[in-house]
Amino acid sequence: MDAATKGAEVAHEEHHDEAHDQNYLQYEPGIWNWLTTKDHKKIGIMYAVSLALVFLVAGVLAIMVRTELVSQGETIMDADTYNQVFTMHGILMVFLFLVPSIPAILGNFVLPLQIGAKDVAFPRLNLASWYVYMIGAIMTCAALYFGGVDTGWTFYTPYSSSTGGGVIWMTSAIFVSGFASIFTGLNFIVTIHKMRAPGMTWNRLPLFVWGLYATSIVQVLATPVIGITMLLLILERTMGIGIFDPALGGDPVLFQHFFWFYSHPAVYIMILPAFGVLSELIATFSRQRIFGYRAIALSSVAIAMLGFLVWGHHMFVSGQSAISSIIFSLITYLIGIPSGIKVFNWVATMYRGSIWLQTPMLYALSFLFLFTIGGFTGIMVGVLAVDVHLHDTYYVVGHFHYVMMGGSVMALLGGMHYWWPKITGRMYNETLGKIAVFLIFVGFNATFFSQLVLGAKGMPRRYYDYVDRFEALHQISTYGSYVLALGLFIVLFYGVYSMFFGPKAPANPWAAATLEWTNVAALPDPHNFVRTPLVTRGPYDFHLADEVFGSGDGVGDGQAASLDVPEPAPAAPEPSEEAPQNA
Amino acid sequence: MGDQGTFWLPEAASTIAGEVDSLFGFVTWVSTILFVGVVLAMLYFAIRYRRKSPGERPQPVKESKILEISWIVVPTILVLLVFNWGFKTFIKMGVAPPDAYEIRAEAWKWNWRFTYPNGTTSPDLYVPVDQPVKLRMSSQDVIHSFFVPAFRVKKDVLPNRYSQVWFEATRTGNFDIFCTEYCGTAHSDMMSTVKVVSRQEFNDWLASGGGATDDMPLPELGELLYEQQGCQTCHSMDGSPKVGPTWKDLYGKPDHPMADGSTVTADEDYLREAIVEPGVQIVEGYQNVMPASYSSLSERELAALIEFMKLNSKYAEEGSDG
């Protein structure tokens, strides 16, 4: 049905349900109640707002970097400013955006809903995590006030021991915000172990939950190392204890070991939840069981474990011993295999499915395209001899943007569109959504494929200026980034519009089969489920999911289907909410 | 191997470059084939199985063990092949031939200096063609990295230990040296050139001590040192500010503003101190980033630099009168 009739119908329902229904957004309104809420859904939204702000700032910084590089010499800023701008872009994107992103926003909102729980295991710890994160963000602002940081996001010593007034504040901010990450990880591990609904066995966990589980393990085990490293750096700068600075008898390469011991696993903190989101999107919009469910679930855990053993592949030319480099290269390949398996499985899931090309699915397909390039370029930089040439060039910059932006951010955008109706209770504009995804896809490739070529040709990264022969490719990259930015601003625009004026969403607009869609109201109850659900099938068993086709189908699909009216879902709260109108 | 290189790679001018390029090409082609396969399968499924009615309930597809095992085993074989190849070439890159000619390389913010066995120093790297050359490198301050794209070699230059890199140039010409470890303000200006010349030319150049300077008039020597010592990285001669203040019209400038609010006259004594002990007085609007290493310049060299500044200053006339 079209939007108008749907709107009318929903309005009608509203009168109907007001008496006994209450949703989590109406429950305990007001700013103080929000700031002290222990509801995982509201904390997820608070994280979403904070992270959107960080993403906006870091994105604007990226556009400034690209604009500076559009031509040789000084374009809009001097070298010192440029160094601070790309440093802040990296730090904000990595530590304050990508690391928390999917777990803190979508994980917080969706995880308890997907496993049939009332909340996470430790709701107060969950709220504390947001406050700790905000303290980290404020300390970042302090770092800017006290002279800024120009070290690159990697803080390599001895450069970082000698420069910039803001380094101590910045490293402290990373130390502090690490705890937010640990709190979230701890919470998720316990929640997944202890709070699953009856019948929700490990083999019936949605793959997003598996992804978050693997992520949480890495968060809890790896994050303390970056905390310790930052603390050592602070001790060196304030008290002159020689740990990394050769002038004080330290070893600068030791810092690189410490740094990558966290920061490589951190890459998996950023990508594993994205894998989880992707499994949800592909399964729902293909209406097909995930091909190789067990392989995908276990490969995430395998990646989480192996991820700790490959940090040295960032250091092939640092002067570490050749034997170390060789071993790290070998293990790096072993970790590439599970990622490859996932891509093959996702594509195979589409086989004989019923593929519905809505915006979230378009993000999922973009992910498959971009992440595969990211994976293959990752294999390339893992080849010892070739990495010697490519290390610290734009090839590496291109590679990790294909993985981090083409992977994590695409999955986050896809996930935000997918769960948007559940979070806000409203639909976004599908046409604008498709236009935006197209612009983002084209802009992204123009921006970063040209960087792959630049890097292979020898353009070093973190360069304020460059020689003649790189200018044309830099220009392509810059213009591409404008297209990419335009796409993202369109998303921002229709997202905000939808929050206030979007048509009301039905409970299950995508005809998905996981609990947050089948057993939860359009806008969730403050306590998620009116009655604890009983799980009787796998998360993607559409052929067994009669309740999906009974209550949700038709509304989001545009047309009511003339299906047999099925049995109510086990403990489904509103078995016939949509059915009368559709029939 | 053309001068222009390929779509992906720059020109190749060392013995190891060919091997790296074949490996790069192999990985690129295998990746492209697999990538196209994945994308075509994805697009085909998206079109072939596109949802036609909202009520569609496809039957679940049975998982195929053989398929799953094959896409574990085949990629594993491929990556092990690539690993092995990369490993062998990496070892070759790491071990210099015993007859390699050794040159010392020093890096500091933001310059390179190459010292030859006979004591000759040069900001550019002169090497003979078809001769293995080994660089023993160290840094005076932070970590830098020595990168010659045309040779496909790169190695970090560390402050607390020597690192080394070797290559054998296969043809004459000039090739860029980039610093590829971020080192601050003028990181992107920390460039130099490898000048690959014939053995005869190299021997002549070396015998002349990289161009004799003893008989040179002071202003000319100053100009040479301006390039050789890397002054040009931070100090322009055209009046534009770079990392440091410009040298144009600097000599004799009457009210040269300092960061502490005072002004000085930029006479010989001030300039000498600014070179030898750059941290004592900082010019307004600039950072205290100039390395102290210039204190090792000889008196003759200092005088030459100041003479060179004098030549390029409009204040020089009045200064000499007084």
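This is a predicted model: local features need pLDDT of at least 70, side-chain atom pairs count only at pLDDT 80 or more; totals for chains, interfaces and linings use all residues.
User: How many helices and strands does chain A have?

Analyst: Helices (H or I, at least four residues) and strands (E, at least two) are DSSP runs, numbered from the N terminus. Chain A has 20 helices and 0 strands.

User: What does the radius of gyration say about chain A?

Analyst: The radius is taken over C-alpha atoms, and the globule rule is 2.2 Å times the number of residues to the power 0.38. For 583 residues, a compact globule would come out near 25 Å; chain A has 24 Å, which agrees. Its C-alpha trace spans about 75 × 45 × 45 Å along the principal axes.

User: How is burial judged, and what share of chain A is buried?

Analyst: Count the other C-beta atoms, placed from the backbone, within 10 Å of a residue's own: 20 or more is buried, 12 or fewer is exposed, and in between is partly exposed. In chain A, 63% of the 583 residues count as buried.

User: Is A:Phe155 buried or exposed, and where is it found?

Analyst: A:Phe155 is buried, with 24 other C-beta atoms within 10 Å. It is found in the loop between helix H6 (123–145) and helix H7 (159–162) of chain A. A contact means two C-beta atoms, placed from the backbone, within 7 Å. Leaving out residues up to four places away in sequence, A:Phe155 touches A:Ser160, A:Thr171, A:Leu233 and A:Phe259.

User: Now chain B. What is the strand order in the sheet that holds E8?

Analyst: Two strands pair if DSSP finds at least two bridges between them. The order is E3-E2-E1-E5-E8 in an open sheet of 5 strands, with mixed pairing. Strand E3 (121–122) and E8 of chain B stand at the edges with a single partner strand each, so one side of each is left without a neighbour in the sheet. E1(B) and E5(B) pair in the parallel sense over 7 bridges. E5(B) and E8(B) pair in the antiparallel sense over 6 bridges; there, B:Leu135 has B:Val165 as its bridge partner.

User: Why is E8 of chain B largely enclosed?

Analyst: In E8(B), 5 of the 6 residues are buried, so the strand is largely enclosed by the rest of the structure.

User: Which strands make up the other sheet, and which are its edges?

Analyst: That open sheet of chain B runs E4-E10-E9-E6-E7, again with mixed pairing. Its edge strands are E4 (125–128) and E7, each pairing on one side only. E6(B) and E9(B) run antiparallel, joined by 2 bridges.

User: How many residues form the contact between the chains?

Analyst: Chain B supplies 71 residues and chain A 78. On the side of chain B that touches chain A, H2(B) gives the most, with 16 residues. That side has 41 nonpolar, 17 polar and 13 charged residues. Here Ala, Val, Leu, Ile, Met, Phe, Trp, Tyr, Cys and Pro count as nonpolar, Asp, Glu, Lys and Arg as charged, and the others, Gly among them, as polar.

Technical notes:
Residues are numbered from 1 along each chain as its sequence is written. Chains are lettered from A and ligands numbered from 1 in the order in which they are written.
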